[in-house]
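Please keep the sequence and the three-dimensional view at hand while reading.

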Amino acid sequence: MNSPCCKFFSSSIGKKYLMALSGLVLAGFVFVHMLGNLQVFLGQEALNAYAYKLQSIPAVLWGFRLFLLLATLTHVLTAISLVRENRAARPEPNGDEKVVQATIASRTMGLTGSLLFAFIVFHVLHYTVRITHPEYQDMHYVLEKNGKEVHDVFTMIVGGFTKKWISATYIVCMAMLCLHLTHGVSSLFQTVGIRNTAWKARLDGVAIAYGWIIFIGFISVPLAVLMGAFKLPV
Ligand code: HEM
């Protein structure tokens, strides 16, 4: 625990780097996941073939899942530790203090982060473990290209989002994700030292654009389902 590396990552600046690095992994994952989900617009065969490909090498799948879990836990636990440190450094809040230049996104990072964590737990139980909807387990599809019987992810997603409360929950959570990303990405630029006076406005614009791209990309799926864009085979 006394190595220079451990000392660095237990310092405040080291923890900020851990937040930035784990945040980068998670922000990258949501982008790739969003691109994957958009394949629903290519149809049942394309989405199911893609989902099957992702799961076809168990060692890669589980290695990736472990890596993602590690990034998520690092991000959450380091955030809790930084919040505690900040509180300890300023134990008595000043009642007259005004919130200067703090955006809604920056003031709600704890709230949006906690809600997103709860969303991820629900989401994994919903679409990966399928414990909330056991009927999703029995959805199968035979791929036209090789005759393999695979899980019918297309019917699961389209069927899932036809329930209005599920679509509404996802859309609200994606709004949280958008808010969290707009501040998170600009904090990341700050931590790595590129958000200087000359670049601040442009990089803040990049962070806001990133949050909105992710938001629009993800919500397009439940919105399209609610608007009746997909027909499920009978
Ligand atoms: C409209 C929005 C979304 C849809 C339709 C969607 C769809 C899916 C589906 C179908 C799976 C299971 C894949 C399978 O087992 O075959 C999955 C897994 C997952 N999703 Fe999403 N997702 C959405 C949003 C998100 C967001 C915003 C996050 C993160 C903040 C996220 C994180 C995950 C994670 C961590 C997994 C587990 C990955 C694994 O099993 O290895 N998803 N998603």
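## Basis of the description

Helices (H or I, at least four residues) and strands (E, at least two) are taken as DSSP runs and numbered from the N terminus. The model is predicted, so that local features need pLDDT of at least 70 and side-chain atom pairs count only at pLDDT 80 or more, while totals for chains, interfaces and linings use all residues. Residues are numbered from 1 along each chain as its sequence is written, and side-chain values use heavy atoms, with hydrogens and water left out.

Tyr141 belongs to strand β1, which covers residues 140-142. With a relative accessible area of 12%, Tyr141 is buried; buried means under 20% relative accessible area, exposed over 50%, and partly exposed in between (1.4 Å probe, protein chains only).

Contact means heavy atoms within 4.5 Å. Neighbours within four places in sequence aside, Tyr141 is in contact with Gln44, Glu45, Asn48, Lys148, Glu149, Val150 and Asp152. The side chains of Tyr141 and Glu45 also make a polar contact, at 2.7 Å. A polar contact is a pair of N or O atoms within 3.5 Å; within protein, one must be able to donate a hydrogen and the other to accept it, and residues adjacent in sequence count only if both atoms are side-chain atoms.

## Cysteines

A disulfide is a covalent bond between the sulfur atoms of two cysteines; here the criterion is a pair of cysteine sulfur atoms within 2.5 Å. By this rule there are zero disulfides. Cys5 is in no disulfide, its nearest cysteine sulfur being that of Cys6, 5.7 Å away. Cys5 is partly exposed, with a relative accessible area of 47%.

Cys178 is buried, at 8% relative accessibility.

## The ligand and its shell

The ligand is surrounded by 22 residues, and the closest are His33, Asn37, Gln55, Arg65 and His123; a residue is counted if one of its heavy atoms lies within 4 Å. A polar side-chain atom of His33 is 2.8 Å from a nitrogen atom of the ligand, and one of Gln55 is 3.0 Å from an oxygen atom of the ligand.

Among the elements that give two or more residues to this shell are α2 (12-37), α4 (58-89) and α6 (109-128). The largest share, five residues, comes from α6.
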